[in-house]
Amino acid sequence: MNATSRVALLFSTALMVSGAFAADPFPSTYQVPVNPPVLIQGATVLTGSGERLDGADILIANGRIQSIGKGLAPPADATIIDAHGKWVTPGIIDIHSHLGVYASPAVKGLDDGNEATSPVTSNVWAEHSVWPQDPGFETALEGGVTTMEILPGSANLIGGRSVIVKNVQAVTYQGMKFPGAAYGLKMACGENPKRVYGGKNQAPSTRMGNVAGYRQAFADAQDYQQQWDKYNRELATYNKKKAEQAEKSEQTDGTAKKSKDKDAAADKELTPPSPPKRDLKLETLAEVMKGNIRVQMHCYRSDEMATMLDVAAEFGFKITAFHHAVEAYKIADRLAEKNVCAAMWADWWGFKMEAYDGVQENLAIVDYPEHSCAIVHSDSADGIQRLNQEAAKAMAHGQRVGLTVPPERAIRWLTYNPAKSLGLEDRIGTLEPGKGADVVIWNGNPFSVYALAEQVFIDGALTFDRAHPKITPRSDFLLGRHIAESPL
Amino acid sequence: MKPVHLVMLALGLVGAQCATAEGFVIRGATVHTASAKGTLKNTDVLVLGGVIVAVGADASAPNATVIDARGKELTPGLFGGLTDIGLEEIAAESETVDSTLNQKSPAWEQQWRPELDVTAAFNPRSIIVPVERVEGVTWTVLAPNAGDSIIEGQGSAVTLDGRYDAALPGSRSLFVQMGAAGARESGGTRAAEYMLLEQAIHEAHAQGPIGQGALLHAAGRDALYRYLMGGRVVFQVDRASDIREVAAFAERNGIKPVILGGDEAWLVARELAKANVPVILNPLNDLPLDFDRLAASLENAARLQRAGVRIAFSSGDTAQARLVRQLAGNAVAHGLPWEAALAAITSTPADIFGVGATHGRIAVGQAADLVLWNGDPLEVSTLADKVWIAGRPVEMKSRQTELRDRYVEKVKAHQAR
């Protein structure tokens, strides 16, 4: 069994919900493409594991990184890429994208990102809104993005499940879905939920209303879980008794074969318990409390992050990452101690009150403590195309205040750290033997405004090649444009 | 170069005035002039009385402070784009926003207000001003925001040195929202935008009182009339067919048009070049965000420039006006010559808004709006070391640097919790 299917199996076992429900009713149909080996030669490699290797080769085969080092011998059928003078990084991972759910064109017919009809919608799943033809996927690919987490919007306290996708062209989202990746749950602090529902004269209309909303939802989920636990206990007792009875009847089989009436009476005594009704909202939250779904929480202000860490402790779940963490720098040490990632923009600020304290050193400050987990994210169909530049800006501002982050560390903001926040750090996010071969070849130092991704590999398959535009996926939506643009 | 004292003499800067002026010379920088002279290596720039008086080798004046700028790069102060700097503090808090007049009625029932000039609401003490200034943004064009009107009102270029009367003379412009956004306000069809604009223009030209259903007050008629005599009108429009239509409409009505947006402008680049219509664009726009910009492309800027269209860059983002350099750098990565990209955030917008004689270039006689960078000014990893506006040094601090300094100390002491 290969590692992928092992992980998938582990995951599906873990996800078995209280009852006998399918782990994932919408399973991935993505398959690693079959390609000849690729040998990339002579590049400056940022491995994502913290190293910089100059003049290194990378051998890719069977969709995986096989080896990295100097002077690797090419297998007989390998495609050889001369990458002298070029830089190579792991594929970029964006843990906060709305591609497909807020697609281009931004028309009403494609406005599928926020189920803003109730403040708790943990029953909705972002994947059911993903439009695989969003042209934003291909522009993100040109920026080196190979994996992304697509989240519901932030109108709700609890917005719904995220989906992790590979940035490959497919007619269905199942064809993009990252096999075996755990689901995420989108939650949101602050202004958005209270504005959306306060505006409808509904709860929540304040931050205290927000917190009451999260707590009640998880309290309901605890109650729901208890009902299932009770049912499961009763079912176990029933099954045990039934087995005992069967054993007994087997023992007496030879002697009392004819006592059918007696058996029927005993069966009547043993009524199986009725399962509680499935509640899709509470089911998701129960899975969060069991640690099977990872909480990704939109939260700008440091004081609200601290509140949410307490709420998570109260209900026994973990917040994996705070997203849009504009004030994470104020509690950088606390976040590192609690092993919580902060996903940030380089410099967005000021567009609303909770973004007022933005500083351009946020990433560098959050990165500073030991065991930190700083992530660059986009939340934007534009920003996702240039996550490398976002990191570059943060590096420059950090440097100015004595927080020097070298390229081999900064690349982790875009690769290893987001992989870790998705629970996929054993599969993607670094260039190490055995990892999935998501690889970007840049025409220079990626932390430059002039740097462009030249080639992008996903699981060893050349998915984007600047020199050969025909390889690049083209959304169905964009077909016909060139005909319309050419007059007769 | 000419001996400096001769230049000073020519500018009337000798004698008593010179002695009191705060003179300084920026010595040995790589000077990106954003003018026909291009980039000059190891060059001195002499500033007296807030004005550039010499650009060349060995410029000096008695008592002038010398700033060693060897290994650094000097540019004109940057244009922040069309923004609401000083007109808003926090976009989502409407009480802090003064850029928009909402009429709350359909366009044909409105009293159109071309006489509205948002310059009157400019607050030079905005918290945002220093945030942009320390990044090298020394001026911007205040643009009224699209509310629910077709004619949005007027705005001006302003300097960001903190003075109250900040408008730069000759820069006042009228802003008009067209295309899909304007159509929404004019009954559902963009054709009605032209119908209503023609009506307003008719009223502006009319003598004597106008009957019922007039779009304009007397003050509005006067204001609009001035623009029909060759005034500068900025039309926000993206679709290629709308851009052509606007250009023709402007020519018919004696208006000097500027295209703002122009995501599909490259499709009509030759016509724009021929009619000398400039385009203010965001070169990062490459997605078909709506059906007015299906042809959006990262090569828009390069294609327009190649065709001879004058281009300037604007993200329209007030809080992030400082990112104009990143727009320019990306345009270079997608085919725009470096000098043209710098011009698009300095001299070209200055020319478009009628202030090119005093702003936007490093040249004798220009206001000393200057930025000294620690590297390639269009590179995202480069930062401004020093900024001057009208020859005065900018204190390199803002609310953001104060927040930064407070918490950098905490994290270094492992106390950020």
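This is a predicted model: local features need pLDDT of at least 70, side-chain atom pairs count only at pLDDT 80 or more; totals for chains, interfaces and linings use all residues.

User: What is the strand order in the open sheet of three strands in chain B?

Analyst: Read across the sheet, strand by strand. Here the order is β6-β7-β9 of chain B, and the pairing is mixed. β6 (78-83) and β9 (157-159) of chain B each have a single partner strand, so they are the edges, and one side of each lacks a neighbour in the sheet. From one strand to the next, the twist averages 30 degrees.

User: How many bridges join β6(B) to β7 of chain B?

Analyst: Four, and the two strands run parallel; β7 spans residues 137-142. Take one residue: B:L82 has B:V141 in β7(B) as its bridge partner.

User: Which helix packs on the sheet?

Analyst: Helix α10 (residues 324-333) of chain B, touching β6 and β7 of chain B. The direction of α10 makes about 105 degrees with that of β6(B).

User: Which residues have the most contacts inside the largest nonpolar core?

Analyst: A:A342 and B:V45, in a core of 267 residues.

User: Is B:P283 buried or exposed?

Analyst: Count neighbours; the cut-off for buried is 20 or more other C-beta atoms within 10 Å. B:P283 has 28, so it is buried. B:P283 sits in the loop between β13 (279-281) and α9 (300-306) of chain B. Its contacts beyond four places in sequence include B:N300, B:F313, B:L327 and B:A331.

Key:
Residues are numbered from 1 along each chain as its sequence is written. Chains are lettered from A and ligands numbered from 1 in the order in which they are written. Two strands pair if DSSP finds at least two bridges between them. Axes are lines fitted to C-alpha atoms, for helices over the stretch in contact, and angles run from 0 to 180 degrees between N-to-C directions. Two residues are in contact if their C-beta atoms, placed from the backbone, lie within 7 Å. A nonpolar core is a set of buried Ala, Val, Leu, Ile, Met, Phe, Trp, Tyr and Cys residues joined through C-beta atoms within 7 Å. A residue is buried if 20 or more other C-beta atoms lie within 10 Å of its own, exposed if 12 or fewer, and partly exposed in between; C-beta atoms are placed from the backbone.
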